[in-house]
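Me: Can you walk me through the packing in this one? I'll ask as we go.

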Amino acid sequence: MRELHVYDEAIDVWRALEERWRALARRAGDEKGFFSVALSGGRTPVGFYCYLSRRKGLPWSGTELFQVDERQVPPGSEDSNFTMIRSSLLEGVQAQPRGIHPMPTG
């Protein structure tokens with residue numbers, strides 16, 4: 001059964017997503033020993049990535065991050081989705097993720 005959740009503010013969405021992230025990370029860690037996440041690019045997830053990067057107690061050392069889309073731009077370009085993920089999420093996390101898997105662009 002699917003559920004629809006409606007929130008008035010972006011921060012409320014981010015809090016709910018963080019709760020879900022924590023629950024899934026905990027379950028995956030218990031079952032497999034690590035948590036895998038697919039990260040989208042573009043403008044939509046930037047606020048959530050910034051929010052998530054400041055949250056305490058997330059199991060980054062047991063988390064594998066997979067980038068799922070990229071623009072055909074040079075590495076390090078400000079238009080690169082990986083550059084956005086690095087600056088909005090990775091630079092703020094408290095521990096190095098278990099694995100970071102950017103999209104190949106070569």
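**Cavity and packing**

Reply: The largest cavity has a volume of about 40 Å³. The model is predicted, so local features need pLDDT of at least 70, side-chain atom pairs count only at pLDDT 80 or more, and totals for chains, interfaces and linings use all residues. Residues are numbered from 1 along each chain as its sequence is written, and side-chain values use heavy atoms, with hydrogens and water left out.

Me: How many cavities of 30 Å³ or more does a search of the whole structure find?

Reply: One. A cavity is a set of points on a 1 Å grid over the protein atoms alone where a 1.4 Å probe fits but cannot get out; lining residues have an atom within 4 Å of a point. The volume is the space filled by probe spheres set on the points, which are joined across faces, edges and corners.

Me: Which residues line the largest cavity?

Reply: Among them are Leu39, Phe66, Gln67, Phe82, Ile85 and His101. By class the lining has eight nonpolar, two polar and no charged residues. Here Ala, Val, Leu, Ile, Met, Phe, Trp, Tyr, Cys and Pro count as nonpolar, Asp, Glu, Lys and Arg as charged, and the others, Gly among them, as polar.

Me: New topic. Where are the residues of the Trp21 and Phe35 pair in the chain?

Reply: Trp21 is in helix 1 (residues 10-32) and Phe35 in strand 1 (residues 35-39), 14 residues apart. Helices (H or I, at least four residues) and strands (E, at least two) are DSSP runs, numbered from the N terminus.

Me: How many aromatic pairs does the search find?

Reply: Five. Rings of Phe, Tyr and Trp (its six-membered ring) pair if their centres lie within 6.5 Å; planes under 30 degrees apart count as stacked, over 60 as edge-to-face and the rest as tilted. Trp21 and Phe35 are edge-to-face because their ring centres are 5.6 Å apart and their planes at 80 degrees.

Conventions: On a 1 Å grid over the protein atoms alone, a cavity is a set of points where a 1.4 Å probe fits but cannot get out, and a pocket is an open set with protein on both sides within 12 Å along at least five of seven lines; lining residues have an atom within 4 Å of a point.
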